[in-house]
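Please find below a colleague's note on the model under discussion. It is set out as numbered points for reading alongside the coordinates.

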Amino acid sequence: NHTQAFQTTPDKVFRLLCPTTEFDWMEGWHCEMIYSKSLYQEYNSIFKTSYFNFDEVWVVSHFQPDRIIEFVRISEHLSIKVDARLCNNLDGTTTGNWIVNATALTEQGNEALKNMKPEDEPIGVLLGALDYYINNDAIQPLPNGIFNKQA
């Protein structure tokens, strides 16, 4: 569970939580859009990534503009559900809450989860980079190897 405060409104945060707009603020991000009517985030949109030594397919499983986006990420070895919720604080700020749940699908997935430490989860670093972009309109350099750690 990760919480992040943003000095902007939910609509401005939400539009950046999209595979195609993440290129704007996330150093090293790349994905392949598979399905989306709008080419942006929407219910049932699908895209692929290849990070952390896993090729993953992401599906948007729940979508409420400016409030909620949930992704289900599936690889050969893991299923990861990411729930992101934005709360409008009604003072020009937003509080975001991210919950990440991982389930092993194979023995290799079990090993990957067993060896993962909470500090290895990059979501906190990525949320910091998102906040930096919102405040500075610039990309914050990320730690080396954040997207390609060895399992």
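1. Basis. The model is predicted: local features need pLDDT of at least 70 and side-chain atom pairs count only at pLDDT 80 or more, whereas totals for chains, interfaces and linings use all residues. Residues are numbered from 1 along each chain as its sequence is written, and side-chain values use heavy atoms, with hydrogens and water left out.

2. Fold. The chain contains 4 helices and 7 strands, these being DSSP runs numbered from the N terminus (helices H or I, at least four residues; strands E, at least two). Their order along the sequence is β-α-α-β-β-β-β-β-β-α-α. The radius of gyration is 15 Å, close to the 15 Å that the globule rule gives for 151 residues, so the chain is as compact as a globular protein of that length. The radius is taken over C-alpha atoms, and the rule is 2.2 Å times the number of residues to the power 0.38.

3. Of the 151 residues, 39% count as buried, where buried means under 20% relative accessible area, exposed over 50% and partly exposed in between (1.4 Å probe, protein chains only). Among contacts (heavy atoms within 4.5 Å) between residues at least 6 apart in sequence, 44% join residues at least 24 apart.

4. Helix H4. This helix, residues 123-136, has 14 residues and reaches 20 Å from its first C-alpha to its last, close to the 20 Å expected at 1.5 Å a residue; the expected span is 1.5 Å times one less than the number of residues. Its buried residues are Ile123, Leu126, Leu127, Ala129, Leu130, Asp131 and Tyr133. They pack against strand E1 (2-6), helix H1 (10-14), helix H2 (22-25) and strand E7 (94-104). Just after H4, aspartate 137 takes a positive phi of about 50 degrees.

5. Glutamine 4. This residue belongs to strand E1 and is buried, at 17% relative accessible area. Beyond neighbours within four places in sequence, glutamine 4 is in contact with residues including Trp98, Leu127 and Asp131.

6. Two loop leucines. Leucine 39 lies in the loop between strand E2 (32-35) and strand E3 (46-51) and is exposed, at 55% relative accessibility. Leucine 90 has a positive phi near 60 degrees. Leucine 90 sits in the loop between strand E6 (78-88) and E7 and is exposed, at 77% relative accessibility.
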